[in-house]
Amino acid sequence: GKFAADPTNWALDWFGLYPCKREARRMIGLHVQTQKDLIPEPTDFPDAVCHGGWAIDLHNPRGINDPTHPPYVPTHVPYIYGTSLRCFVSSNVPNLMFAGRLASFSHVAFGSQRVMATCTTHGQAAGTAAAYAVQYGKTPQEVAADSDAVWSIQQQLLRDDQFVVHQINQDPRDMALKAKISATSELEGSEAKEVISGQTRAVFGPGGCMSGQCLPGINRWMSSKLPATITLEWDPAVSVGQVQFIFDTGLWRRFTFSIKSEDQESMIWGQPMPETVKDYSVQVRAEKSEEWKTVATITDNYQRRRVHNLNLPGQYTGLRVEVTATNGFDHAHICEIRVYPVGQTSKFPQKPANIENPWPKVPTPPIALATPKPPPEWLTGPTIPVA
């Protein structure tokens, strides 16, 4: 062909890896999520089990046969939204669940839900719910209709570091929630107590969750230097069976499977994220003792979630974590610490009868955002009606 410039030294920047259909069959679940659940404000599902936030990305149904309109139009989603467990449970087939591109979404809502990172949260949510159903001998439909079961699934997802809109850690077995917490150093807004905020991500603000559906702040402890120690203390003493950490892995940072040179140059590939804790030790102080004993020493860590099954005999008045190195930063970041007693480390906590709703205690100022416009009619109908 003819080019405006000499292509001799041109480089291939991007091409599609696979020729794929972006949409095929979708199942009908107990709830069909539509664009009204996404814009202008997200539906606050009490049974939310995962989240999304991609734009409603709709392609022209006539494709290249319609040169008068653009090939696709992304409709901005102003907030991170939750997805109901019922979107993954069949409405008419017993013992059937589905996730990802099979899940119960309208064509328009699917334009946001279809991307792979969002689909992975579907899989984790549906798989966790299926495990609950098997463990307690219930059908998926029975689980979805049981608010106590849904709460237990949500709490397990949080423990496994899934972000669930409008949910925080309330596991009654987690002794960290009852601890007095201090640190050798801390930064303003990132105090030691943030490791028990109940939320392991910063999702508040423009592009994040809607006001009232998440906690404000960055929800992690940050020291001012290294080495740094964070200490949990109890009175009376507690049992220590399992300790879990959620470390900071730079979730704000762009990281995507892309061969575009501009993406490649802006990402950190093939190495741990610099803010992630690298070397640390776990120490405990037994009841009626002033001595600290090291029970775990970890080097060269790069993972976000670390679980230590200690099953220590006796009772303890203190547990501390000493961070001696990160993978690049000069101070420590820890998003969450959990401590479970011996014999109380199983999955799916039982909902207490008197559990409190924590949200009225967490005021969040409103965010002024422009109301998004719905997709244009030529893009959604009459060939594909607005859902």
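1. Which side chain makes a polar contact with the side chain of D37? In this predicted model, the partner is T43, at 2.7 Å. D37 sits in the segment before β1 (48-52), and T43 also turns up among the residues D37 touches, along with H31, V32, P42, F45 and Y81, leaving aside residues up to four places away in sequence.

2. Elsewhere, the count comes to twelve salt bridges. Take D57 and R114, whose closest N and O atoms are 2.8 Å apart. D57 is in strand β2 (residues 56-59) and R114 in the loop between α1 (107-113) and α2 (116-136), so the pair ties together parts 57 residues apart in sequence. D57 counts as buried at 8% relative accessibility, and R114 counts as buried at 12%.

3. D161 pairs with R304 in a salt bridge, with 2.4 Å between the closest N and O atoms. Since D161 lies in the loop between α4 (147-159) and β5 (180-183) and R304 in the loop between β10 (292-298) and β11 (305-309), the pair ties together parts 143 residues apart in sequence. R201 joins D161 and R304 in a network of salt bridges.

4. Have a look at D248 and R220 too: their side chains meet in a salt bridge (2.9 Å, N to O). D248 counts as buried at 3% relative accessibility, and R220 is buried at 11%.

Definitions and conventions: Residues are numbered from 1 along each chain as its sequence is written. This is a predicted model: local features need pLDDT of at least 70, side-chain atom pairs count only at pLDDT 80 or more; totals for chains, interfaces and linings use all residues. Side-chain values use heavy atoms; hydrogens and water are left out. Helices (H or I, at least four residues) and strands (E, at least two) are DSSP runs, numbered from the N terminus. A polar contact is a pair of N or O atoms within 3.5 Å; within protein, one must be able to donate a hydrogen and the other to accept it, and residues adjacent in sequence count only if both atoms are side-chain atoms. Contact means heavy atoms within 4.5 Å. A salt bridge is a side-chain nitrogen of Lys or Arg within 4 Å of a carboxyl oxygen of Asp or Glu. Buried means under 20% relative accessible area, exposed over 50%, partly exposed in between (1.4 Å probe, protein chains only).
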